[in-house]
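Visitor: Could you put the structure up, so that we can go through it together?

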Amino acid sequence: MLDAYDPTNVIELGMGNEEEEPTPEVKKFIKLVKAPEKTLYEGSDISLLKVVARLTNLKYEFNLPHRAIDGIASLMKAMCPNDNEMTANFYETKRLLSGLELPHHKIHVCPNGCMLFWKDAGELKKCTVCGAERWFMRKTVRGKKIPKF
Ligand SMILES: [Zn+2]
C-alpha cells in the first residue's frame, strides 16, 4: 500500500446519518477499528493490530520478500496457544490491514500498531502513544509523502 496519498482525504469517513443502518463496508470497518483491543490470543498483552502492523512495517523497512513474512508469521502462529488470531502468512496480514480501507478512505495505522490515524487523529503526523513517525520521511512519490501503510 505504498501508493501516493493525499492527507486531506483521511478523515472523510462516510459514516453518514446516525439513524441510518450502516452499510456492510462501514460495519466491517467499525469491527476492524476495534482491533486495537483484540489481543493475539486470550491472556496475551499484545494486540493483533500491533502484531500485524509491526510485521508489515518490518517488511517495508528491510524490504523483506513476502516469503520471509510468510515464514515469520507461520513461526509466530506456531508459538501462540492453539486458539489464536495470528495471521498465517503475509497475504492474511496484508488483508487484515487493508480491511482498514473503505472505498476512497484509507485509514493509516501507527507502524507499531498503537493507534489508528482517523477521526480526531486523522491529521496527526506522529503516533500519540509511541511517537513513531507516520511517514516514510525520505521517500516521496511525485512530491507526496508516503504513509507507512
Ligand atoms: Zn505508535
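**Around the metal and the cores**

Visitor: Is Cys127 buried or exposed?
Guide: Cys127 counts as buried, at 4% relative accessibility; buried means under 20% relative accessible area, exposed over 50% and partly exposed in between, with a 1.4 Å probe and protein chains only. Please keep in mind that this is a predicted model, where local features need pLDDT of at least 70, side-chain atom pairs count only at pLDDT 80 or more, and totals for chains, interfaces and linings use all residues. Residues are numbered from 1 along each chain as its sequence is written, and side-chain values use heavy atoms, with hydrogens and water left out.

Visitor: Which residues coordinate the zinc ion?
Guide: The SG atoms of Cys110, Cys114, Cys127 and Cys130 coordinate the zinc ion at 2.2 to 2.5 Å, where donors are N, O and S atoms within 2.8 Å of the metal (3.2 Å for Na, K and Ca). Along the chain, the donors are spaced as C-x3-C-x12-C-x2-C.

Visitor: And what's the geometry of the site?
Guide: The site of the zinc ion is tetrahedral, with angles of 104 to 112 degrees among its four donor atoms; the label requires all angles to lie between 85 and 135 degrees. Cys114 sits in the loop between β1 (108–109) and β2 (116–117), and Cys127 in the loop between β2 and β3 (135–141), so this pair ties together parts that are 13 residues apart in sequence.

Visitor: Zooming out, how many helices and strands are there?
Guide: The protein has four helices and four strands, which follow the pattern α-α-α-α-β-β-β-β along the sequence. Helices (H or I, at least four residues) and strands (E, at least two) are DSSP runs, numbered from the N terminus. Of the 149 residues in the protein, 38% are buried.

Visitor: What makes up the largest nonpolar core?
Guide: That core has 11 residues in all, among them Leu40, Leu48, Val51, Val52, Leu55, Ile69, Met86 and Phe90; a nonpolar core is a set of buried Ala, Val, Leu, Ile, Met, Phe, Trp, Tyr and Cys residues joined through side-chain atoms within 4.5 Å. Helices α2 (48–62), α3 (66–79) and α4 (90–98) each supply at least two residues of this core, and the largest share, four residues, comes from α2. There is also a second, separate core of seven residues, which includes Cys110, Cys114, Ala121 and Ala132.

Visitor: So what does Leu55 touch, leaving aside its neighbours within four places in sequence?
Guide: With those neighbours left out, Leu55 is in contact (heavy atoms within 4.5 Å) with Ile69, Ile72, Ala73, Met76, Met86 and Thr93.

Visitor: And where is Thr87?
Guide: Thr87 is in the loop between α3 and α4, and it is buried, with a relative accessible area of 4%. Leaving aside neighbours within four places in sequence, the contacts of Thr87 include Val52, Ala73, Lys77 and Leu96.

Visitor: Which residue lies over the face of Phe90?
Guide: Lys59 does, at 5.2 Å from the ring centre; a charge sits over a ring if NZ of Lys or CZ of Arg is within 6 Å of the ring centre and within 35 degrees of the ring normal.

Visitor: Switching topic, what is phi of Asn63 near?
Guide: Phi of Asn63 is near 55 degrees, a positive value in a residue other than glycine. Asn63 is found in the loop between α2 and α3 and counts as exposed, at 66% relative accessibility.

Visitor: Last one, how far apart are the C-alpha atoms of Ala53 and Cys114?
Guide: They are separated by 8.8 Å, although the two residues are 61 residues apart along the chain. Ala53 lies in helix α2 and counts as buried, at 0% relative accessibility.

Note on methods. Tetrahedral: all angles 85-135°; square planar, octahedral: opposite > 155°, others 65-115°.
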